[in-house]
Amino acid sequence: MIGRAALVLALAGAALVPVAVRDYYATLMLPFFGYGIALLGLNLLFGYAGLLSFGHALFVAVGAYTAATLSSGFGLLHFELILLASALVALLAAIPVGLLCVRYVRIYFGMLTLAFGMLFYSFLYKFYNLTGGDEGIRMLRPKLLGAAFGNLDKVGFLTGPYYYYSLALLVVATAVMWRIVRSPFGLCLRAIRENPEKAECVGVSVRRYRLYAFLIAAVFGAVGGTLLAVPTGLADPLLAYWTHSGNLVFMLLLGGFANFFGPILGAFVFIFLQDQVMSLTQYWRFVFGAILALLVIFFPRGLMGFVGGRVGTGA
Amino acid sequence: MALLEAHAIRKLHGSVIALDGVSLAIREGEFVSVIGPNGAGKTTLVNVLTGLVPPTSGTVKFKGRDIAGIGPVRLARLGMARSFQLVNVFAGLTVAETLAVPVLSRLGRGGRVLAALARDAEVHAEVAEVAALFGLTDALGRPARTLPHGDRKLLDVASAVALHPEIILLDEPTSGVGTRDKTAIMEVLVGAARRIGIKAIIQVEHDMDIVFGYSGRIIALHEGRVLADSTPDGILADAQVVAAVVGKRVSDAHR
């Protein structure tokens, strides 16, 4: 009951941001929406299947680059089609990567995902003719539900229609993931996380289900990446860089991977904390490193450990 | 035709011979115990029979089909289940969730990504049925890790039984359980197996009261070889087996 009330309040608060606070803070919410979706997928892998990816930024970058290529390279501006294409490209990329990665667990899985992420980063950085190299590819303003909103300037578009579109997408993605983790598949994933050997003995195909989780996480990552590309107007190689994957893991730990809403809270706090700390000191990475160390040592269940216990994971 | 048949199984762990030419056949309706001192190869035999490890040589057939090394997932689908020597449960899952996993697996619904598990009445009914058979109804909402050892042992077996297998292999189903509780566990287990319609049970067991109290046939292993394969009376009549495997005092108690 309290959880539902908190959820409604959070949604109402998010809906009021563009009218209640400065545009600056409304634009800060946009990466939160994108990261929130990407982290829902990452947490299906880690919180539910027990596989920690250190290369999830690969799929965020796949989403952003697909969107940017389609918009500025092919003139496709319908955002719904762009999202669909990003999800499909991520799915296609995730099949071979996932088939290789889910053969391994723990640190080996993490290192392998990191390696694929860095391979993609190198590809983006070096294949200038295809990817624009370090300059990346421009992302043009998309049409939302067929509407171009040509009467709005960039800030007006981002803090108006695009804001609510992104918020709606986060809500839909959350609802879909909520359904996934409460499905028979979600239960089997948790069984695999708890005891893969036992899961196999009761007929659960561990590798296949891990692959499914990997593919779903990739699609969520790409959708999140597509959302990220619009406010910056750019898809650049740093999206695939290992530090970006590290940030995703940080957000997950910050919010708490043992709670369904932990990753979303983690994304929110990370974005705003980063903004505040960066405005105070140039040594913001030092501050974030200290926060991460304190989190792991003293609050392994993240911020949601304070407020929501283990709600949602069933764990 | 034998339900499960192993022929000339040999299993090497490096240079150590764990199984050396083991052959056996399990038919419908049988309750077979595998006994032997530590290191005789009992658990290795169960692991080979259940596809967890492939034999170095030899064949294992289940319902006439070669199953050597095909893996536990396909074996579970074919109708073979097992429990483990050490308690092997999903510690963070509740009893109901633990039992739902094999039920989903048997019904082929584990891969349903968007279906609402909470609304699957058939799964819940089956979970309730298996929990009732094992006396776990009151514990359905409890995480497995919070159960007493005996109940966790039962849950381990219950999750195997929930697969509705044709044959079940139990690796020391009463290990770590107090002497008084052992018989209670065996009664629950055998009763549940009968109700579910399991055709044959193979157990690895050290407790000779349990072995001689429930088995129709006993296979004695020694140093990776079958020393004897006979009825309980036949085993007790074999002085070599009594000396090597059963133990004198135990044999006197069961004569």
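A residue is taken as buried if 20 or more other C-beta atoms lie within 10 Å of its own, as exposed if 12 or fewer do, and as partly exposed in between, with C-beta atoms placed from the backbone. The structure is a predicted model, in which local features need pLDDT of at least 70 and side-chain atom pairs count only at pLDDT 80 or more, whereas totals for chains, interfaces and linings use all residues. Residues are numbered from 1 along each chain as its sequence is written, and chains are lettered from A and ligands numbered from 1 in the order in which they are written.

Helices (H or I, at least four residues) and strands (E, at least two) are DSSP runs numbered from the N terminus. By the burial criterion, helix H9 of chain A is mostly covered, with 11 of its 11 residues buried; among them are Pro184(A), Phe185(A), Leu189(A), Arg190(A) and Glu194(A). The cover over the buried residues of H9(A) includes helix H2 (23–48), H8, H10 and helix H11 (206–232) of chain A, together with helix H3 (95–107) of chain B, where a contact between two residues requires that their C-beta atoms, placed from the backbone, lie within 7 Å.

The contact between the chains takes 21 residues from chain A and 30 residues from chain B. On the side of chain A that touches chain B, helix H8 (161–181), helix H9 (184–194) and helix H10 (196–201) each supply at least two residues, and the largest share, 7 residues, comes from H9(A). The residues of this side of chain A divide into 11 nonpolar, 4 polar and 6 charged, with Ala, Val, Leu, Ile, Met, Phe, Trp, Tyr, Cys and Pro counted as nonpolar, Asp, Glu, Lys and Arg as charged, and the others, Gly among them, as polar.

A nonpolar core is defined as a set of buried Ala, Val, Leu, Ile, Met, Phe, Trp, Tyr and Cys residues joined through C-beta atoms within 7 Å. The largest such core has 187 residues, and those with the most contacts inside it are Ala61(A) and Ala213(A); H11(A) gives the most to this core, with 17 residues. When residues up to four places away in sequence are not counted, Ala213(A) touches Leu44(A), Leu45(A), Tyr48(A), Ala49(A) and Leu189(A).

Elsewhere in chain A, the axes of helix H1 (residues 2–20) and H2(A) come within 8 Å and cross at roughly 140°, axes being lines fitted to C-alpha atoms, for helices over the stretch in contact, and angles running from 0 to 180 degrees between N-to-C directions. H1(A) and H2(A) are therefore oblique to each other, given that angles under 35 degrees count as roughly parallel, over 145 as roughly antiparallel, 65 to 115 as roughly perpendicular and the rest as oblique. In this contact Ala14(A), Val17(A) and Pro18(A) of H1(A) meet Tyr25(A), Ala26(A) and Met29(A) of H2(A), and its residues divide into 6 nonpolar, no polar and no charged. Gly73(A) is placed in helix H3 (residues 57–74) of chain A and, with 13 C-beta neighbours inside 10 Å, counts as partly exposed.

In chain B, strands are treated as paired if DSSP finds at least two bridges between them. An open sheet of 4 strands has the order E2-E1-E4-E5, with antiparallel pairing; strand E2 (16–26) and E5 of chain B stand at its edges, each with a single partner strand, so one side of each is left without a neighbour in the sheet. Strand E1 (residues 4–13) and strand E4 (residues 57–62) of chain B pair over 5 bridges, with Ala6(B) opposite Val60(B) and His7(B) opposite Thr59(B). E4(B) and E5(B) form a hairpin with 2 residues between them, and Lys63(B) in the turn has a positive phi of about 55°.

A further open sheet in chain B comprises 6 strands in the order E6-E7-E8-E3-E9-E10, with mixed pairing, and its neighbouring strands are turned by 15° against each other on average, direction ignored. Within this sheet, strand E7 (residues 167–171) and strand E8 (residues 200–204) of chain B run parallel and are joined by 5 bridges, Leu170(B) having Gln203(B) as its bridge partner in E8(B). Helix H1 (residues 42–49) of chain B lies across strand E3 (31–35), E6, E7, E8 and strand E9 (217–222) of chain B, and runs at about 150° to E7(B).
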